[in-house]
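Subject: Structure handover

Hello,

Here is the structure I promised to pass on. Please open it first, then read my notes below.

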Amino acid sequence: MRELWGSLVVFCLCPVLGGLPLVAWLTRALAGKNLETLGTGNISVSAAFYHGGRGVGILAACAEASKGVVAVLLARSFFPNDPLWEVVAIIALVMGRYWVAKSAGTTNVFWAIFTHDPIGAVVIVFFALVSFTLVRERILGRLISLFWLVLILAVRQSSQNYGVAVLLLALLMAWIYARIPDDLSLETLPQQQDSRALFRFFRGNQSMLTLKERLDPDTAGPKAATLATLIAWGYDVPEGWVLPPGDDPQPLILSLEPTPDIPLIVRSSALGEDTATASAAGQYITIPDVTNTRELATAILRCQTAYNSPRAIQYRRHHRQGDRGMAVLVQRQIKGVYAGVAFSRDPVNQYRDAVLVEAVAGGAEAVVSGQVTPEQYRAYFPAAWEGAASERDGALTLEGAGTIPPGIVHQVAQCCRALERRYHGVPQDVEWSYDGETLWILQCRPITTLTPIWTRKIAAEVIPGAIRPLTWSINQPLTCGVWGKLFTLGLGGATGSDQYANGDRYANADRNRTQGLDFDATATLHFSHAYFNATLLGEIFRRMGLPPESLEFLTRGEKFSKPPLLSTLKNLPGLWRLLQREWHLPDDFAVDARKWFKPTLQQLQVSPEGLSPDELLSRVDLILSTLKRATYYNILAPLSVALRQAVLRVDSGELDSQRMPEVASVRSLVQLAEKSRNLLPMGQLNFDSCPSLFAYLAEMPDGQGILTQFNAWLAQYGYLSEVATDIAVPRWQENPRPMRELFARCVFDPLQRNSLAPSTPPGHLSWGAKWVQHRLDLKGEVAEIYNRLLAHLRWTILALEKQWLAAEYLQAAGDLFFLTLPEITAFVEQEDAGMTEAEKVKAVAQLQDYITYRQRQYAQDCQRPHVPFVVYGQPSDNIPPPAPATTAGQTLQGMGVSGGIVEGVVKVVRSLDILEQVQPGTILVIPYSDAGWSPLLAIAHGIIAEVGGSLSHGAILAREYGIPAVFAIPGVMHALHDGQRVRLDGQGGTVVVLG
């Protein structure tokens with residue numbers, strides 16, 4: 001009797017259970033949609049995901065899974081020792097699911113099998129997933145899964161009847177799959193973003209990659225991946241499909257139906273094409289006007305074959321690119337009314353700030369093929385242009401005339417410049433077509449002839465002004481070497497012996513992620529000025545999982561785009577190593593200060609005078625070996641301050657900068673002036689000038705004590721200069737006149753003295769401010785050691801120059817700085833080896849030839865009215881003149897680094913020597929700031945700087961003394977002139993010209 005009731009349950013209740021439209025009920029109740037009238041009409045779990053979204057889909061899956069579990073448990077309760085009946089119950093459930101609910105019951109079967117035989121189900125799933133991952137074709141994948149179902153369950157049960165039942169179940173499923181439409185064939189709905197990943201995976205079909213999804217350049221090629229990115233950004237790109245290298249083209253060919261009315265175009269998207277260093281333009285082929293599937297198959301084959309043409313192979317070898325394969329891009333062909341190419345920067349005249357647009361009437365093929373001479377236009381943008389809104393058309397200045405409507409040229413130019421901004425300032429070559437309604441982007445790639453991009457944005461702060469060869473031969477290896485060590489650490493590469501920061505505490509990883517990166521190319525000289533390689537830095541930060549503008553964010557407080565989460569997670573080990581370095585920075589510095597810095601500085605107290613050339617070079621080697629370690633801290637300590645301040649959101653006003661050299665030196669001088677006033681008969685003095693004061697001090701008895709204290713102050717801070725990193729620039733100790741002038745002002749002028757008096761340190765600090773303050777204090781200690789070492793390096797070089805002047809190797813003081821350190825070392829070694837008189841004369845003549853040539857070039861670069869802020873590729877000498885001077889009412893935008901609003905008269909300053917000319921109420925305009933500028937900046941009413949960020953010396957000094965300051969206004973040294981009256985807003989970062 002039990003078996004009879006069990007049979008009735010299996011054959012009657014299980015079909016009813018399978019037919020219950022739980023999926024339809026859930027979708028209608030939660031999403032308000034009737035599945036019978038949507039899509040394929042299936043009442044399936046995949047339909048619930050498709051039309052209802054992830055939440056509805058998950059509930060539907062749970063409901064159908066419960067059916068399978070209940071069916072198996074019911075059969076087991078009546079037939080506990082006969083698994084055959086459980087399979088029969090599953091068959092009955094599937095039949096009811098198909099007849100009533102119009103679905104295959106895949107979810108029911110999966111969970112029913114899992115309940116029936118958990119171990120067998122896990123094995124089936126494993127082999128099914130492996131098979132599906134390999135074939136990535138859903139129809140074949142389903143059949144293979146059914147094969148594993150029969151094979152594995154039959155093997156686990158020895159009964160022949162059981163095997164037949166499992167085979168019948170598999171055949172039933174295959175029959176149903178062939179009978180009903182597939183929901184996975186539908187396009188994913190835009191409103192169901194959360195279901196896209198599921199549909200994309202279970203569809204399979206690698207050959208059906210489309211431009212509507214995110215594409216990997218290593219699979220689809222950079223060209224297709226870029227177009228997919230543009231679609232994601234909202235640009236209009238023709239519909240397209242991608243065939244990765246090695247994939248079967250047949251599914252793609254069969255899925256597309258080109259006609260004469262809707263033709264296709266077949267294009268290359270080779271792996272390695274359209275990169276920052278190699279565009280491969282013209283190396284492969286494009287086949288337009290494909291109107292049927294036979295032509296499509298031929299075009300795909302021709303495109304793939306072109307990859308192995310002799311010309312393409314030679315191109316890849318020339319650019320050191322491996323043979324990685326050809327992806328093929330198939331797109332809907334646009335019937336253009338106008339078409340052409342546009343360059344966000346003029347590739348010929350790189351200094352012209354214009355978008356170059358070339359256009360013809362008709363399709364774009366004529367432009368790129370060179371069959372027709374296009375019309376050429378240049379669009380100039382206003383300095384404050386931020387977007388591509390059509391209402392700004394009138395703000396563009398158009399150069400060129402022809403038949404192309406100006407509105408289209410404006411639209412193309414705006415789109416092109418906006419794409420350049422999207423790609424972090426990298427100039428872009430854009431192919432476009434206009435069909436009468438829509439501007440279509442057909443291709444976007446970097447202009448390879450305008451890379452790398454060199455920028456003075458950070459370099460002008462690190463080593464500003466015109467630089468002589470000796471300085472650069474020392475600074476370039478130091479700077480590039482330390483940055484290379486830090487980047488290698490962040491990328492997970494080996495750092496050799498890891499000579500910085502106490503041995504090899506931190507693990508090294510493989511070198512592959514640094515492959516192709518030339519850290520020696522981090523910085524270079526153009527026009528005798530330092531430039532950083534923005535292209536290289538951007539690539540390094542991208543490899544580290546950070547936005548390309550990371551360095552500017554840390555050093556200047558610029559906007560910081562959100563890094564890709566996946567990329568950041570992949571790079572966590574390298575970022576963790578850098579954070580470890582940052583965390584241990586004070587301890588590492590303390591160790592190196594004890595072992596290296598203090599002993600070296602103590603040893604350098606011995607005057608270099610009287611040392612032989614060989615001994616002087618040994619002294620230089622000692623300083624440089626110590627500077628390598630000091631440079632590491634001099635780079636990392638400011639970055640540590642900026643990182644902590646940005647992350648913890650600590651306002652600069654909460655920090656105490658009195659331990660920074662630029663502040664401490666002025667504070668100490670003011671205190672000396674206060675003491676001096678107590679020793680001087682101030683009421684009897686009938687003068688108030690600096691020369692008169694020091695002449696008086698030299699004659700009076702008490703004045704000798706004041707001079708002694710002033711000289712002691714000068715000995716303590718005399719290592720500072722206008723440009724600490726440039727050893728060709730004199731130190732305070734060599735030219736104390738500006739410091740004497742400031743001292744005299746503090747003695748005679750109470751207002752000046754009060755404004756520079758020590759301020760009250762911030763009171764109770766938040767825990768975040770304390771964390772930043774520790775690093776700021778460390779930054780001051782590092783800066784002092786670093787600048788002292790550079791000062792001793794200069795004084796050692798001067799001692800050698802003095803000997804060479806006496807030996808008539810040089811013609812004038814300063815000549816030695818126009819040689820490089822390797823050249824100087826080579827000459828000294830040859831001299832020690834015993835040169836003949838003739839050989840010495842020849843060697844000296846060669847050195848003087850170097851000096852004469854470089855002095856001429858240096859003078860030419862110094863006489864340039866300005867040098868470009870950005871250089872694209874290899875610079876040419878045809879630099880355009882600077883922008884005209886500003887007029888009343890004009891506003892200059894920069895970075896506010898010290899709050900407050902002031903009005904005053906402008907004084908353009910290029911050196912400290914004009915300090916005595918600065919009157920009260922003067923707003924100083926400076927090219928850059930260093931700690932050595934403090935005597936001048938401390939007396940300013942306001943400060944405007946061409947370069948600099950919130951952590952630059954001038955910004956710290958301005959905040960300490962409450963002086964409003966605006967930095968980072970490129971070209972401001974030429975935009976403003978002496979005597980102009982301006983309003984400076986140090987909070988908003990603006991300078992308004994009043995007259």
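**A nonpolar patch on the surface**

Phe 110, Trp 111, Phe 114 and Val 122 form a nonpolar patch on the surface. Together they have about 350 Å² of accessible area. Helix α6, residues 106–116, gives the most to this patch, with three residues. Phe 110 sits in helix α6. Its relative accessible area is 34%, so Phe 110 counts as partly exposed. Please keep in mind that this is a predicted model.

**The protein overall**

The protein has 35 helices and 23 strands. Of its 995 residues, 53% are buried. The exposed surface comes to about 44200 Å². Carbon and sulfur atoms supply 56% of that surface. Take the contacts between residues at least 6 apart in sequence: 70% of them join residues at least 24 apart.

**Nonpolar cores**

In soluble globular proteins, nonpolar side chains tend to be buried together. The largest nonpolar core here holds 75 residues. Which of them touch the most other members? They are Trp 713, Phe 743, Leu 936 and Ile 943. Helix α25, residues 661–679, provides the largest share of this core, seven residues.

Ile 943 is worth a click. Leaving out residues up to four places away in sequence, Ile 943 touches a list of residues that includes Ile 923, Leu 937, Pro 964, Phe 967 and Leu 984.

Leu 296 is another one to look at. Leu 296 lies in helix α13, residues 293–305. Is Leu 296 buried or exposed? Leu 296 is buried, with a relative accessible area of 0%. Neighbours within four places aside, Leu 296 is in contact with Ile 253, Leu 256, Leu 264, Val 266, Val 290 and Val 330. Val 330 is 34 residues from Leu 296 along the chain, and their C-alpha atoms are separated by 8.9 Å.

**Salt bridges**

Side chains of opposite charge can pair when their charged atoms come close. A search of the whole structure finds 24 salt bridges. One of them joins the side chains of Asp 777 and Arg 659, at 3.5 Å from N to O. This pair links distant parts of the chain, 118 residues apart. Asp 777 is in helix α30, residues 767–806, and Arg 659 is in the loop between α24 and α25. Asp 777 is buried, with a relative accessible area of 14%.

Arg 983 and Glu 903 also meet in a salt bridge, at 3.2 Å from N to O. Arg 983 lies in strand β22 and Glu 903 in strand β18, so the pair ties together parts that are 80 residues apart in sequence. Arg 983 is partly exposed at 34% relative accessibility. Glu 903 is partly exposed at 33%.

Strand β18 also holds Lys 907. The side chain of Lys 907 meets that of Asp 978 in a salt bridge, at 3.6 Å from N to O. Asp 978 is partly exposed, with a relative accessible area of 40%.

Finally, Glu 64, Lys 67 and Arg 97 are linked in a network of salt bridges.

Best wishes

Terms used: Residues are numbered from 1 along each chain as its sequence is written. Side-chain values use heavy atoms; hydrogens and water are left out. Helices (H or I, at least four residues) and strands (E, at least two) are DSSP runs, numbered from the N terminus. Buried means under 20% relative accessible area, exposed over 50%, partly exposed in between (1.4 Å probe, protein chains only). Contact means heavy atoms within 4.5 Å. A nonpolar core is a set of buried Ala, Val, Leu, Ile, Met, Phe, Trp, Tyr and Cys residues joined through side-chain atoms within 4.5 Å. Patches are made of residues with over 30% relative accessible area and no salt bridge: like charges are joined within 9 Å, nonpolar side chains (Val, Leu, Ile, Met, Phe, Trp, Tyr) within 5 Å. Accessible areas come from the Shrake-Rupley method with a 1.4 Å probe; for residues, only the protein chains shown count as cover. A salt bridge is a side-chain nitrogen of Lys or Arg within 4 Å of a carboxyl oxygen of Asp or Glu.
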